[in-house]
Amino acid sequence: MDRSIRALLLNKQWSANCHFMVMALLVASLVFLFPNVSVPLLLFAVICLVWCSLFKNNVLKVSRYPFPIVSGVLMALLLSMACENYEIKYVWLYTAPGTELYKKIANLFVGDEGGVLWLAFFLTSYVHRSNLDSDLLKINSGIAAWYVLAVAVINPLSVLSADYSHSQPGGGLNAHLDSVWILFHPPLIFFAYALIINQGAIAVLYIS
């Protein structure tokens, strides 16, 4: 009996992981091809997070959308950096022709847009893993909604305006990103920020 229950739980987990990956890849592909779609998708994620923080019905379905949407947007930005899509303002600012791949990836953390996107990524992951119908889910959803809304407002996948069309890309390249270890340092920093925010939310929950 225990083995059958364990197998059933593993199958459910595998199915959930597959759904997450498929949705994230679909979002990434769509946003990469049509960057302007990122804002409506992020706003939809904000609506889902606000719903989870305010209501109880349909939370099981609604709470599963924000994390793959934010993950897909992050993957689309990374792919745009790797492919040197200079129609995207963030790519134009933080990469240049001939830049090594690890520096392109590292520059995802340099700009304000990339940093807030990473925070939204980690915070929505907490919502994705939270127990349903819990007070912690409501708090995590409310906090994540704020950061996802910030990503939608600053829009890291905004299309380059005509003001930059005659300038060379790479104006914002950071000369300090010469070590491959920069690939690990900033993500861990943003993960620590998100962890502190999450633990602070738990503390407030139990104090109140």
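**Figure 1. Cysteine residues in the predicted model, with Cys-48 and its closest cysteine partner, Cys-52**. In this predicted model, the sulfur of Cys-48 lies 6.8 Å from the closest cysteine sulfur, that of Cys-52. Because a disulfide requires a pair of cysteine sulfur atoms within 2.5 Å, this separation is too far for a bond. In keeping with this, a search of the whole structure returns zero disulfides. Cys-48 itself counts as buried, at 4% relative accessibility, whereas Cys-83 is partly exposed, with a relative accessible area of 47%.

**Figure 2. The largest nonpolar core and the residues that touch the most other members**. This core comprises 44 residues, among which Leu-42, Trp-118 and Val-148 touch the most other members. Two or more residues each are given to the core by helix 1 (2–33), helix 2 (38–54), helix 3 (59–62), helix 4, helix 5, helix 7, helix 8 and helix 9 (185–207), and the most come from helix 7, which supplies nine residues. As general background, nonpolar side chains tend to be buried together in soluble globular proteins.

**Figure 3. The surroundings of Val-148**. When neighbours within four places in sequence are left aside, Val-148 is in contact with Leu-42, Ala-45, Val-46, Leu-49, Val-70, Ala-120 and Thr-124. One of these contacts, Leu-42, is listed together with Val-148 itself among the residues that touch the most other members of the largest nonpolar core.

**Figure 4. Ile-88 in the loop between helix 4 and helix 5**. Ile-88 is placed in the loop that connects helix 4 (66–82) with helix 5 (89–94), and it is buried, with a relative accessible area of 1%. Apart from its neighbours within four places in sequence, the residues in contact with Ile-88 are Pro-35, Ser-80, Pro-156, Leu-157, Ser-158 and Leu-160. For one of these, Leu-160, the C-alpha atom is separated from that of Ile-88 by 5.3 Å, although the two residues are 72 residues apart along the chain.

**Figure 5. A nonpolar surface patch with residues from helix 8**. Leu-43, Leu-149, Val-153 and Ile-154 make a nonpolar surface patch of about 330 Å², to which helix 8 (residues 135–154) gives the most, with three residues. Ile-154, a member of the patch that is placed in helix 8, is partly exposed, with a relative accessible area of 36%.

**Figure 6. The whole chain, as context for the close-up views.** The chain has nine helices and zero strands, and from the N terminus on its elements run α-α-α-α-α-α-α-α-α. Of its 208 residues, 40% count as buried, and the accessible surface comes to about 11,700 Å², of which 67% belongs to carbon and sulfur atoms.

Terms used. Residues numbered from 1 in each chain as written. Predicted model: local features only at pLDDT ≥ 70, side-chain atom pairs only at ≥ 80, totals over all residues. Heavy atoms only, no water. Helix = DSSP H or I, 4+ residues; strand = E, 2+ residues; numbered from the N terminus. Buried < 20%, exposed > 50% of the residue type's maximum accessible area, 1.4 Å probe, protein only. Contact = heavy atoms within 4.5 Å. Patch = residues over 30% accessible without salt bridge, like charges linked within 9 Å, V, L, I, M, F, W, Y side chains within 5 Å. Areas by Shrake-Rupley, 256 points an atom, 1.4 Å probe, with all protein chains shown as cover. Salt bridge = Lys/Arg side-chain N within 4 Å of Asp/Glu carboxyl O. Core = buried A, V, L, I, M, F, W, Y, C linked by side-chain atoms within 4.5 Å.
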